[in-house]
Amino acid sequence: MSRSTPYQPSLLRLLHGLTALVILLALLSSAWVYLSYDKRLIQLSVPKIPDIIGIHGTFGVGLLLLLPLFALYSFHLGQNRLIGSNTLPQLQRLPRPAGRYAFHRLVNTVMLLAATFALITGRMMKEAWLPEGQLTETWYTLHLWAWVLMALALVFHLVTASWVGGVRLLRSMLTWQTRDRDTPRQWWQQIQSIWKP
């Protein structure tokens, strides 16, 4: 890999990629659920998929398993990619690089919080609500807002990543290449470093 190309740790790429895939599938299936049962604001015709609510719930369970691992990584080994004590002062430097990077860190943090909000509100819902037409349940309304927040956060996440590092940064998250000291054999050492003083 060229030294001019940004390098992302392989464990970050794995956790980020799996989490992103599950979030995308959850967003797509949630839109399908909405268009199958709700349609109050958007009315599009979609083919009926048997047990689409259960399929969406399966992606929710996947997120329930992945998000704590990704959050643990993000708040420890990846903490420089999230909001920090210097983020807000650096935001005043927009559109300079330091300000753009601070904004990207803020968006990354909002993305994690939005995923957590979607996960919590989704776990509080009952599968029978939508088939029975119970569209005004509080947890369902909150879950809809969580979906909107997640979709917006995802768009901002991609835009700010492109703004900060361009196509090279986006490509660096998708590569399979690793450096000698960043292979799966070193992952356990990286994880252990979280608890070292």
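Take the contacts in the protein chain between residues at least 6 apart in sequence: 70% of them join residues at least 24 apart. Keep in mind as you look around that this is a predicted model. The chain has 6 helices and 0 strands, and buried residues account for 38% of its 197 residues.

**The overall picture**

- Reading from the N terminus, the elements go α-α-α-α-α-α.
- Along the principal axes, the C-alpha atoms of the chain fill a box of roughly 55 × 40 × 35 Å.

**Helix 1 against helix 5**

- Helix 1 covers residues 10–37 and helix 5 covers residues 138–172; they pack at an angle of about 140 degrees, and their axes are 11 Å apart.
- That angle makes helix 1 oblique to helix 5, because a pair has to be over 145 degrees to count as roughly antiparallel.
- The crossing of helix 1 past helix 5 is left-handed.
- On the helix 1 side, the contact is made by R13, H16, I23, L24, L27, S30, A31 and Y34.
- Helix 5 brings Y140, L144, W147, M150, A151, L154, H157 and S172 to that contact.
- Sorted by class, the contact between these two helices has 11 nonpolar, 4 polar and 1 charged residues.

- T19 is a residue of helix 1, and with a relative accessible area of 3% it is buried, since buried means under 20%.
- What does T19 touch, once neighbours within four places in sequence are set aside? T19 is in contact with L63, L66 and F70.

**The aromatic pair**

- Search the whole structure and you get 1 aromatic pair.
- The pair is F103 and W163: their ring centres are 6.4 Å apart and their planes sit at 80 degrees, so it counts as edge-to-face.
- F103 belongs to helix 4 (residues 97–123) and W163 to helix 5, so the pair ties together parts that are 60 residues apart in sequence.
- F103 is partly exposed, at 24% relative accessibility.
- W163 is partly exposed too, with a relative accessible area of 35%.

- V46 and W32 are 14 residues apart in sequence, yet their C-alpha atoms are 7.2 Å apart in space.
- Neighbours within four places aside, V46 is in contact with W32, L35 and S36.
- K39 sits in this loop as well, and it has a positive phi of about 65 degrees although it is not a glycine.
- D51 is exposed, with a relative accessible area of 53%.

**A cis peptide bond**

- Which residues does a cis peptide bond join? The bond runs between L94 and P95, with omega at about 5 degrees.
- P95 lies in the loop between helix 3 (87–91) and helix 4.

Definitions and conventions. Residues are numbered from 1 along each chain as its sequence is written. This is a predicted model: local features need pLDDT of at least 70, side-chain atom pairs count only at pLDDT 80 or more; totals for chains, interfaces and linings use all residues. Side-chain values use heavy atoms; hydrogens and water are left out. Axes are lines fitted to C-alpha atoms, for helices over the stretch in contact, and angles run from 0 to 180 degrees between N-to-C directions. Helices (H or I, at least four residues) and strands (E, at least two) are DSSP runs, numbered from the N terminus. Angles under 35 degrees count as roughly parallel, over 145 as roughly antiparallel, 65 to 115 as roughly perpendicular and the rest as oblique. A crossing is left-handed if the near helix is turned anticlockwise from the far one by less than a right angle, and right-handed if clockwise. Contact means heavy atoms within 4.5 Å. Ala, Val, Leu, Ile, Met, Phe, Trp, Tyr, Cys and Pro count as nonpolar, Asp, Glu, Lys and Arg as charged, and the others, Gly among them, as polar. Rings of Phe, Tyr and Trp (its six-membered ring) pair if their centres lie within 6.5 Å; planes under 30 degrees apart count as stacked, over 60 as edge-to-face and the rest as tilted. Buried means under 20% relative accessible area, exposed over 50%, partly exposed in between (1.4 Å probe, protein chains only).
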